[in-house]
Amino acid sequence: MANSNINNMLEKMTGKDKDYRYMATSDLLNELNREGFKADADLEVKLSNIVLQQLEDASGDVSGLAVKCLAPIVKKVCEERILDMTNKLCDKLLNGKDQHRDIASIAMKAIVSEVTTTTLAQRVLMSLLPQLIKGITSSGKSTEIKCECLDILCDVLHRFGNLMTKDHEELLAALLSQLGSNQATVRKKSISCIASLASSLSDDLLAKATFEVVQLLKNKNIKPEITRTNIQMIGALSRSVGYRFGPHLGETVPLLIDYCTSASETEEELREYSMQALESFLLRCPRDISSYCDDILNLTLEYISYDPNFTDNMEEDTDDEGQEEEEDEYVAYCLADHIGSLVSGIERALNDKTSNSNLKIEALVFTKLVMASHSPSVFHPYIQALSSPVLSAVGERYYKVTAEALRVCGELVRVLRPNFETCTLDFRPYVGPIYNAILARLANQDQDQEVKECAISCMSLIISTFGDNLQLELPACLPILVDRMGNEITRLTSVKAFAVIANSPLRIDLSCVLEQVVSELTTFLRKANRALRQATLGTLNSLVVAHGDQIGSSAYEIIISELSTLIRKSSQNVGLTIRYKVLPQALILIRSSLLQGQALQTLQRFFASLVHSANTSFETLLDSLLSSAKPSPQSGGLAKQALYSVAQCVAVLCLAAGDQKCASTVEMLKGILKDDSGTNTAKQHLALLCLGEIGRRKDLSMHAHIENIVIESFQSPFEEIKSAASYALGNIAVGNLSKYLPFILDQIDHRQKKQYLLLHSLKEVIARQSVDRAGHGELQDTYVEKILSLLFNHCESEEEGVRNVVAECLGKIALIEPRKLIPALKDRTTSPTAFTRATVVIAVKYSIVERPEKVDEILYPKVSSFLMLIKDNDRHVRRAAVLALSTAAHNKPNLIKGLLPELLHLLYDQTVVKQELIRTVDLGPFKHVVDDGLELRKAAFECVDTLLDSCLDQMNPSSFIVPYLISGLTDHYDVKMPCHLILSKLADKCPSAVLAVLDSLVDPLNKTISHKPKADAVKQEVDRNEDMIRSALRAIASLSRISGGDCSLKFKKLMDDIMKSAPLAEKYNSVRSE
């Protein structure tokens, strides 16, 4: 559009008719937003002046449009015009008319928000800051002007705080002076400004700000409202700078605790602000606050039953319920040593007549969380004190209180009788009162649905846990549960309740209602509600397993009929349906490399049950399974995991078929191995795996020389055959240790060339013994000494594979004989041979498993001897210690938390590139650089990644990010990948630490995403580079989600560059949507 048309618009904008002014301003806004708009110097001046003039238009609609025009104007005019507009708006704000102050402030914020370049930002700040400081500190300025200046300054600091470092001290002094203002709004906005400034303050200035606020807090003679402001300031500083506030906790925490304890009853706000600040310390400075945790916890317990903000409005539901529950959970998990104090607080909250409904609900929710997250024995001394107020709450009038009380009763039942074998508490006196309280609610029809469902669930827990003490009461209670099955609202909960009762190890007598329950359940199989049908199937299964002999044949006929309808409505024969529909799908599933765990166990049970079906024979099933493992022309051979799955199903099938069928199958498999033609390696591979799986479950000693036949496969030229033979020999030995274990040990002594495979066989024996409790005594009493002697002799082997197998064997034996093994391993940590030291550390790694083991208590006081080998001179030993630390952090973090203050800096040191580990190999025509420290660095970063998940409370992320993580981001491909994961994790869990060094992260990330492989690079190199770029972009995406990240102009430029590059933008959007 020609400049003349723009001039016409500008003339109309100054006319007398407000409609013309509005339409002209609207047209101008559309023109300014047009991509190709450009104005000359004269038009820029005229344009900016008239838009500023329109901000004061008498019509609010016109002035509103004028504000919208500012954003595109800032993008289209030169810097001089922007500075001129900023100065004029600032003058209007400080010296203009009161009625124009608000719009001037809004316009100023609009301009600031559109400033994107560093040079322009610095020029605007140079002009703006002195005027804003003057507006804030001048005694003659009104409160309104100060508040507007503080608002604008807060925006400026949030976006450009790091660009005005030379002004930080002056700004800080000006803002701190306003904390003593008589106007509450000025004090509040000053707190926000200082918090925005704090994130970019140097440590010295942060210390100065904290010192000044602390000095004011120490002065007990200042006004109460000023004291509250300073406490709020401390909390805001902590929330803004995060872990950087840690060094100042020694000054602030005692002060805040003192204010909490000395405040009068009327000073609720002061206590509340203090508690908020303490909460911020706990969340953001977990390491530095640890020494004050007990004091804070005691303070929390003191106030836990007191909250003046609660109202007595029973129907009030707040939006913060979810957040409050999360806070309750946070506190609930660390109260084991304070249960006594807690119980007294709960009693007061539930029994005090002045307690309102919301307070009771909070107390009950908290009680449930504490009981669910701690050992039942912790509560046994307090059962009487806990049960009485909780049962009283069950009878409360308000439905929310009743529902929460019923949920607590469910946890109380678990606490009273945590297991059925032994119990240290006499629970019988409590059974009657709990049962009667719940029965009263269960029998009452006129109550809220939530209460009905909670009562049903709670009663099912009571019956399943205390049924042997309620035999006289069951005939009265069970019919009520059956009746609730007839009500559509409570039907699903009632069905699940009978599943809980049926699964009870007490074998509850359901004879008085069993027929009616089964009848009701079979009708539910025809309902449209999928969740109801699924729950019904589970309950029917539990009832058939527990009480199948009491269910009549007519009921079974109905069940089968309904089930066949579910399987396939047109099917008249369930057995044939399974054979022709289900079995083929099962044979497809078994070929999956992802099949494992519960799904694999279920599939094994399926094949075992089919053996006895009239529609399928053992021979047919066996042939189907073996055929499923044959390589196909389309997909080739099966994955290793799939072959193991097939072998396990074959073994289960053979055992279910009986001894005769099993023996014939073993002979058939032996025949396959005796065929030395070697034409069908896949068949031999599967035969070995099947023999191993059968031998693990059944003694095969009746099959003569089976061990010799298997060991002959060690001569195969194919690695998979040798590995399968090793696996088979070890598992066959599990079935008869006394016959086959001596054979394996003798072979290890005499067949030096096959030691690696034989050690793998021995590993299978030991691993099975460490997992399967049966047979421990046999292994311990007869063979442990000889096995240990053999293994320790092989610790110094030159072959890394042999040492790894030896280490795994030693680790698994430690699970069986910890008192013998751990001291023996510890003694060898001082061995002069590096390979031995590395092997014993790796052995400890294998002994640290996820499940609780008796080795844990023996290892705990000695684990430092192994992990401190991270200081060893040999890199192999250091890497072994890092791997052991990583495993401990993942499986048993409590083993190593106390050692982390000493271990962490040693671990971080392993992430550094060490020139002495880099060597050049002369290959004649060219030279090849070998980095012997690469694997160690990779393992160290992966260990840090694990520690961030399990031990974050023991770490100071800032001391790791600089320089170690930044160094890793510029390292080898194998190191960069875990570093990107770590950075993403830190951005999520410790955003303040990352935000503080965001600028320094930009360059290594930019270098990674900009890297291009050589023109002659092979496909593998190209693919690796693509993976690395996507990995870096995932880390960048995580950084972009940090609040305040847009304050870094370097990072903002990086994001702009990514979005301007079509290939990078596409990858970035792809990883964000993952």
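This is a predicted model: local features need pLDDT of at least 70, side-chain atom pairs count only at pLDDT 80 or more; totals for chains, interfaces and linings use all residues.
User: How many helices and strands does the chain have?

Analyst: Helices (H or I, at least four residues) and strands (E, at least two) are DSSP runs, numbered from the N terminus. The chain has 53 helices and two strands. Its C-alpha atoms fill a box of roughly 110 × 90 × 65 Å along the principal axes.

User: What share of the residues counts as buried?

Analyst: Buried means under 20% relative accessible area, exposed over 50%, and partly exposed in between (1.4 Å probe, protein chains only). Of the 1074 residues of the chain, 51% count as buried. Accessible areas come from the Shrake-Rupley method with a 1.4 Å probe, and for residues only the protein chains shown count as cover. The accessible surface of the chain is about 49800 Å², and 49% of that belongs to carbon and sulfur atoms.

User: What share of the contacts joins residues at least 24 apart?

Analyst: Contact means heavy atoms within 4.5 Å. Taking contacts between residues at least 6 apart in sequence, 72% join residues at least 24 apart.

User: How many aromatic pairs are there?

Analyst: Rings of Phe, Tyr and Trp (its six-membered ring) pair if their centres lie within 6.5 Å; planes under 30 degrees apart count as stacked, over 60 as edge-to-face and the rest as tilted. By this rule there are eight aromatic pairs. In one of them, the ring centres of Tyr 908 and Phe 960 are 5.1 Å apart and the planes stand at 40 degrees, so the pair is tilted.

User: Which helices hold Tyr 908 and Phe 960?

Analyst: Tyr 908 lies in helix 45 (residues 900–909) and Phe 960 in helix 47 (residues 957–968), so this pair ties together parts 52 residues apart in sequence. Tyr 908 is buried at a relative accessible area of 5%, and Phe 960 is buried at 2%.

User: What is the geometry of the pair formed by Phe 941 and Phe 960?

Analyst: That pair is edge-to-face, with 6.2 Å centre to centre and 65 degrees between the planes. Phe 941 lies in helix 46 (residues 934–950) and Phe 960 in helix 47, so the pair ties together parts 19 residues apart in sequence. Phe 941 is buried, at 0% relative accessibility. Tyr 908, Phe 941, Phe 960 and Tyr 964 form one aromatic cluster.

User: Which residues lie over the face of a ring?

Analyst: A charge sits over a ring if NZ of Lys or CZ of Arg is within 6 Å of the ring centre and within 35 degrees of the ring normal. Lys 220 lies over the face of Tyr 259, at 3.9 Å from the ring centre. Arg 828 lies over the face of Phe 792, at 3.6 Å from the ring centre.

User: Is His 794 buried or exposed, and what does its side chain reach?

Analyst: His 794 is buried, at 12% relative accessibility. A polar contact is a pair of N or O atoms within 3.5 Å; within protein, one must be able to donate a hydrogen and the other to accept it, and residues adjacent in sequence count only if both atoms are side-chain atoms. The side chain of His 794 reaches the backbone oxygen of Leu 790 at 2.8 Å. His 794 sits in the loop between helix 38 (776–793) and helix 39 (800–816). Leaving aside residues up to four places away in sequence, His 794 touches Ile 748, Gln 755, Val 802, Arg 803 and Val 806.

User: Which residues other than glycine have a positive phi?

Analyst: Among them are Arg 507, with phi near 50 degrees, and His 705, with phi near 60 degrees. Arg 507 is in the loop between helix 24 (491–502) and helix 25 (514–524). His 705 is in the loop between helix 33 (681–697) and helix 34 (706–711), and His 705 is exposed, with a relative accessible area of 54%.

Methods:
Residues are numbered from 1 along each chain as its sequence is written. Side-chain values use heavy atoms; hydrogens and water are left out.
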